[in-house]
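The points below are numbered and may be read alongside the sequence and the model.

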Number of protein chains: 2
Amino acid sequence: MPTLLQHRLDPSCRLVRLMLGEYGVDPKLEDVSHWKRDARLVDIDPAATVPLLLEDGTRAVIGPSAVMHHIEAQHAPSQVAGLIPVDIATRAEMWRMYDWVMLRLNDEVTRYVLEEKIGKRELGQGSPDPSALRAAKANLSEHMQYFAYLLATRRWLAGPDLTLADFALAAHLSALDYLGDVSWDVHEEVKSWFARLKSRPAFRPLLSDRVIHMPPSRTYADLDF
Amino acid sequence: MPTLLQHRLDPSCRLVRLMLGEYGVDPKLEDVSHWKRDARLVDIDPAATVPLLLEDGTRAVIGPSAVMHHIEAQHAPSQVAGLIPVDIATRAEMWRMYDWVMLRLNDEVTRYVLEEKIGKRELGQGSPDPSALRAAKANLSEHMQYFAYLLATRRWLAGPDLTLADFALAAHLSALDYLGDVSWDVHEEVKSWFARLKSRPAFRPLLSDRVIHMPPSRTYADLDF
């Protein structure tokens with residue numbers, strides 16, 4: 001059983017847990033703070049990167065891409081049954097949307113919200129900057145509109161089948177949702193897509209996550225949000 | 001022959017050209033500006049993403065991950081002869097360094113330098129902010145120290161063999177080098193690693209790149225820099 005050193009609200013850690021859950025692997029979770037550079041994490045990786053996966057308790061696999069590709073290669077039942085599409089065109093669309101989430105959405109929304117609401121708090125750097133949060137909120141609203149546009153004509157983010165891109169977006173939105181930053185009722189398409197993901201067994205462990213002194217939003221654990 | 005819509009100094013576009021060069025594919029290059037949202041680019045991708053590869057002149061493959069994985073799957077002579085290592089541990093180290101370059105180095109150095117020196121210029125937004133450039137320079141110096149530390153004990157960035165991580169870092173450093181932002185003489189290990197890469201046939205087309213009204217640094221095209 002692999003051990004995952006994670007931060008509960010880090011979207012890449014959430015993506016990795018969703019992948020492992022989807023493949024029926026139940027990792028041992030160890031909570032660490034990359035913000036505070038916890039000794040446990042820095043001992044293995046001086047750069048304090050999460051997610052960090054210890055396969056067989058020893059060999060360290062470090063960072064989002066390394067862990068994601070490792071899980072896909074080692075734990076997917078087969079390439080065809082994996083989260084990376086085999087068809088060339090669908091795969092290209094999947095990676096396009098993966099980058100969209102991991103680069104654009106992260107740069108324009110998730111990163112700011114987490115730095116302001118979690119990073120500052122863990123480092124005792126005071127309260128969030130309202131103008132950064134307002135900008136992130138406005139950006140998220142545009143992203144949601146785009147996701148709704150796509151999901152109006154396709155069942156999943158990259159096409160007819162569930163892929164890694166869906167889990168990537170779900171990981172980001174669920175972190176934002178925990179903090180009460182997602183307006184679910186504006187875009188019905190995104191809400192029903194998220195409801196479908198949320199009801200998968202892989203999602204269940206995430207829904208019971210709690211961050212100390214910071215209860216989740218009303219919608220977070222609710223399957224009928 | 002694929003067509004690549006690229007910005008000459010964009011590191012992900014440079015990475016893609018290096019991969020294609022390494023695999024003996026000579027793409028048709030079309031210069032576009034994602035900063036200015038050129039019509040040619042926006043017609044295909046309203047989000048104006050580069051790199052954008054048109055395989056067979058038609059099917060669009062959009063964004064860094066999509067194009068990179070597409071090239072690796074379609075143009076590598078075989079999986080073993082490709083740029084993504086087959087060995088599990090080496091592959092994990094390769095992806096760790098790939099993320100290091102594409103996320104950390106980009107966020108802390110390359111992105112700022114390009115935004116300040118190229119983006120602002122293309123958009124007519126005035127001259128670069130000296131404080132942003134100073135911060136990027138200080139950050140680059142720390143990154144170079146880390147790369148030198150790694151390259152003191154391994155021939156290539158992720159181990160004994162050339163991988164995608166080497167081309168990713170070379171793509172970023174060559175863009176910065178064009179703009180005169182790399183101090184090559186501080187870290188001998190990085191300099192000799194870059195000299196080895198620069199002398200590969202795949203690198204040659206990049207060395208003759210010129211950006212209008214912006215000549216390259218003295219070291220840029222020199223193999224004995």
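How much space lies in the second largest pocket?

1. The second largest pocket holds about 720 Å³ of space. A pocket here is an open set of points on a 1 Å grid over the protein atoms alone, with protein on both sides within 12 Å along at least five of seven lines, where a 1.4 Å probe fits; lining residues have an atom within 4 Å of a point. Grid points are joined across faces, edges and corners, and the volume is the space filled by probe spheres set on the points.

2. As to the basis of these values, this is a predicted model, in which local features need pLDDT of at least 70 and side-chain atom pairs count only at pLDDT 80 or more, while totals for chains, interfaces and linings use all residues. Residues are numbered from 1 along each chain as its sequence is written, chains are lettered from A and ligands numbered from 1 in the order in which they are written, and side-chain values use heavy atoms, with hydrogens and water left out.

3. Both chains contribute to the second largest pocket. Of its 21 lining residues, those closest to the centre are A:His69, A:Gln79, B:His69, B:Gln79 and B:Ile84. Helix H3 (64-75) and helix H4 (88-122) of chain A, together with helix H3 (64-75) and helix H4 (88-122) of chain B, are the elements that each give two or more residues to this lining. Helices (H or I, at least four residues) and strands (E, at least two) are DSSP runs, numbered from the N terminus. The lining divides into 10 nonpolar, 7 polar and 4 charged residues, where Ala, Val, Leu, Ile, Met, Phe, Trp, Tyr, Cys and Pro count as nonpolar, Asp, Glu, Lys and Arg as charged, and the others, Gly among them, as polar.

4. How are the two chains related?

5. Chain A has an open sheet of 4 strands in the order E2-E1-E3-E4, with mixed pairing. Strand E2 (28-31) and strand E4 (59-62) of chain A are at the edges with a single partner strand each, so one side of each has no neighbour in the sheet. Two strands pair if DSSP finds at least two bridges between them. Strand E3 (residues 52-55) of chain A runs antiparallel to E4(A), joined by 4 bridges; A:Leu54 has A:Ala60 as its bridge partner in E4(A). Helix H1 (residues 11-22) of chain A lies across strand E1 (3-6), E2 and E3 of chain A, at about 155° to E1(A). Such angles run from 0 to 180 degrees between N-to-C directions, with axes fitted to C-alpha atoms, for helices over the stretch in contact; contact means heavy atoms within 4.5 Å.

6. In chain B, strand E1 (residues 3-6) pairs with E2(B) in the parallel sense over 4 bridges, and B:Gln6 has B:Asp31 as its bridge partner in E2(B). H3(B) packs on the sheet, touching strand E3 (52-55) and E4 of chain B, and its direction makes about 120° with that of E4(B).

7. The backbone deserves a look. The peptide bond from A:Val50 to A:Pro51 is cis, with omega near -5°, and A:Pro51 lies in the loop between helix H2 (39-44) and E3 of chain A.
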